[in-house]
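Hi,

Here is the structure I promised to pass on. Have a look at it first, and my notes follow below.

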Amino acid sequence: MKRYTKLWKITFVVIVFALVSCENFIEVPPKNAVTPANFFQTESDFEQAIIGAYAPLLGLNNSGVYSEWTMTEMRSDNSHFIYNPLIAGQLQAQHIADFLVEPDNPGIENMYRLNYLIISRANQVLVSIDGADLEQGVKDNYKGQACFLRALAYFNLVRFYGGVPLFTKPATSLEETMLLRSDADQIYGQIIQDAQTAADLLPDVGSQPIGKATSGAANTLLGNVFLTLQRWTEAETALKKVTGYSLVEYANLFDPNNEGNAEMIFEIEYLEGTTLGLESSFPYTFLPQLPDPSVITGVSPANQGGSGYNIPTPDLINAYEDKIKDKRFEASIGFYSGASSLSGVIYVEQPYIKKYQHPHALYNITGQNWPVYRYAEVLLMLAEAVNEQGDNKSEAEGYLNEVRRRAGLDNIVATDQNKLREIIMHERRIEFAFENKRWHDLVRTNKAVEVMNAYGLRIKGNPADYYYLTPNTGPIAASYNVTENKLIYPIPYREIKLNPKLGQNPR
């Protein structure tokens with residue numbers, strides 16, 4: 001855990017050299033300032049730089065109500081928000097869920113900015129690493145991590161925004177920052193190239209410190225990309241290279257005390273016991289609005305808290321086939337009855353995300369990590385890839401049933417390929433509830449328009465069931481009118497003001 005203290009100490013330095021490019025304006029690097037020209041000298045320099053490239057990951061799911069989970073889980077039928085008419089400042093986060101998002105939305109701006117910050121920092125490493133005087137193994141490791149992070153960031157961007165500007169080296173002039181958008185195929189081509197490079201260069205899980213990308217993480221990302229593109233054979237090939245991992249007990253899987261367990265392939269890691277920006281607070285954001293969150297967290301003293309966001313929907317709760325046998329239900333979803341901080345509202349069996357609630361010492365400061373890839377997803381992606389090729393249903397069922405048995409459920413024997421496809425996607429929904437998978441699954445399987453329009457009708461028909469708890473409230477008529485154009489987000493308004501060449505996505 002000491003490496004995260006180091007992360008904070010070097011973040012300022014990394015930001016300086018990531019944002020300042022002086023090579024074209026001066027011939028001799030100044031000795032009293034940090035620049036790319038005089039920074040990248042030693043292994044320690046590259047270590048600091050690569051940690052700096054990981055740093056923006058911390059903000060992806062920990063930026064309050066404007067986080068990745070807002071744009072994925074709450075955009076789907078997995079979770080909703082508890083409507084509070086008195087908190088107008090969070091209205092734009094609700095608009096993401098309701099399909100009313102505008103280009104000035106801070107959530108879509110945050111996602112765009114953080115991923116490009118990762119790319120910018122990774123590019124600084126990649127442009128400097130080949131000429132560095134380092135042992136080849138060390139050089140390969142840093143290069144592989146930078147390629148992985150750049151691939152992961154572009155995978156986020158292309159799925160959320162479609163075609164985006166493709167930067168593969170640091171911009172050294174204003175003109176070089178004003179790139180046109182590359183189309184999605186070009187972005188995917190770069191992602192595949194970077195992920196393949198990372199898979200070839202990175203060490204396996206047994207030879208890499210916890211929290212850093214491995215060859216297994218790179219091959220998992222590569223398999224996910226190929227699955228998204230419906231390149232089934234290539235997905236299967238990449239995923240079968242992911243070795244050295246195994247399933248662990250679901251109830252212990254997300255506990256910070258079990259960090260780096262055998263199932264976790266890649267997760268975003270946070271540090272408890274600090275207020276330096278390394279801690280995670282999202283477990284509190286996912287609580288119902290409470291006068292005293294300690295009734296759930298057990299941590300006192302506590303302020304009035306809980307944002308009432310990312311609340312499990314009745315649809316998801318009802319999707320569990322056996323709430324008694326399936327260990328994932330109790331581990332993932334809790335229920336609270338008692339006082340709320342909403343005027344006149346008493347909660348009765350109000351659901352909330354339990355998956356990320358674990359013991360900690362201080363209010364709103366936890367070391368709860370965010371899972372990005374784990375071995376269960378490799379198994380379910382393999383099940384999907386093999387099933388879609390249509391020639392080995394029993395092998396696909398084997399991968400699926402390994403996950404189901406861990407959950408405490410019986411094996412599945414599907415009647416045909418179509419039925420098995422449905423079962424695999426249902427299993428993904430349950431297994432990865434609240435891990436930012438559901439929205440992307442709906443989009444890539446061409447189900448998003450149908451599913452989300454039907455979901456919107458259910459909300460409008462029974463708003464109280466979806467946590468509109470005050471009288472005469474509910475979503476407006478314009479919400480949940482989902483079309484193909486709404487399957488990607490608008491390009492943030494700020495980015496178009498800075499670079500008008502970007503244009504806007506169809507709306």
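**What I found**

Strand 4 (residues 333–339) and strand 5 (residues 346–353) pair in the antiparallel sense over 6 bridges. Strands here are DSSP runs (E, at least two residues), as are helices (H or I, at least four), numbered from the N terminus, and two strands pair if DSSP finds at least two bridges between them. Tyr-336 sits opposite Gln-350 of strand 5. The two strands make a hairpin with 6 residues between them, and Gly-344 in the turn has a positive phi of about 80°.

Before going on: this is a predicted model, where local features need pLDDT of at least 70, side-chain atom pairs count only at pLDDT 80 or more, and totals for chains, interfaces and linings use all residues. Residues are numbered from 1 along each chain as its sequence is written, and side-chain values use heavy atoms, with hydrogens and water left out.

Next, strand 2 (residues 264–268). Strand 2 runs antiparallel to strand 6 (residues 370–374), with 4 bridges joining them. Met-264 has Arg-374 as its bridge partner in strand 6.

Now the helices. Helix 18 (residues 393–407) and helix 19 (residues 417–431) have axes that come within 11 Å and cross at roughly 25°; axes are lines fitted to C-alpha atoms over the stretch in contact, with angles from 0 to 180 degrees between N-to-C directions. That makes the pair roughly parallel (angles under 35 degrees). Contact (heavy atoms within 4.5 Å) involves, among others, Leu-400 and Val-403 of helix 18 and Ile-423 and Glu-431 of helix 19. The residues of this contact divide into 6 nonpolar (Ala, Val, Leu, Ile, Met, Phe, Trp, Tyr, Cys and Pro), no polar (the others, Gly among them) and 6 charged (Asp, Glu, Lys and Arg).

Glu-431, in helix 19, is worth a click: this residue is buried, with a relative accessible area of 0%. Its contacts, not counting residues up to four places away in sequence, include Arg-328, Lys-355, Arg-374 and Arg-406.

Lastly, the axes of helix 8 (residues 136–161) and helix 11 (residues 215–228) come within 10 Å and cross at roughly 25°, so helix 8 and helix 11 are roughly parallel too. Among the residues that meet are Phe-148 and Phe-155 in helix 8 and Leu-221 and Val-225 in helix 11. This contact has 8 nonpolar, 2 polar and 1 charged.

Cheers

Methods. Parallel < 35°, antiparallel > 145°, perpendicular 65-115°, else oblique. Buried < 20%, exposed > 50% of the residue type's maximum accessible area, 1.4 Å probe, protein only.
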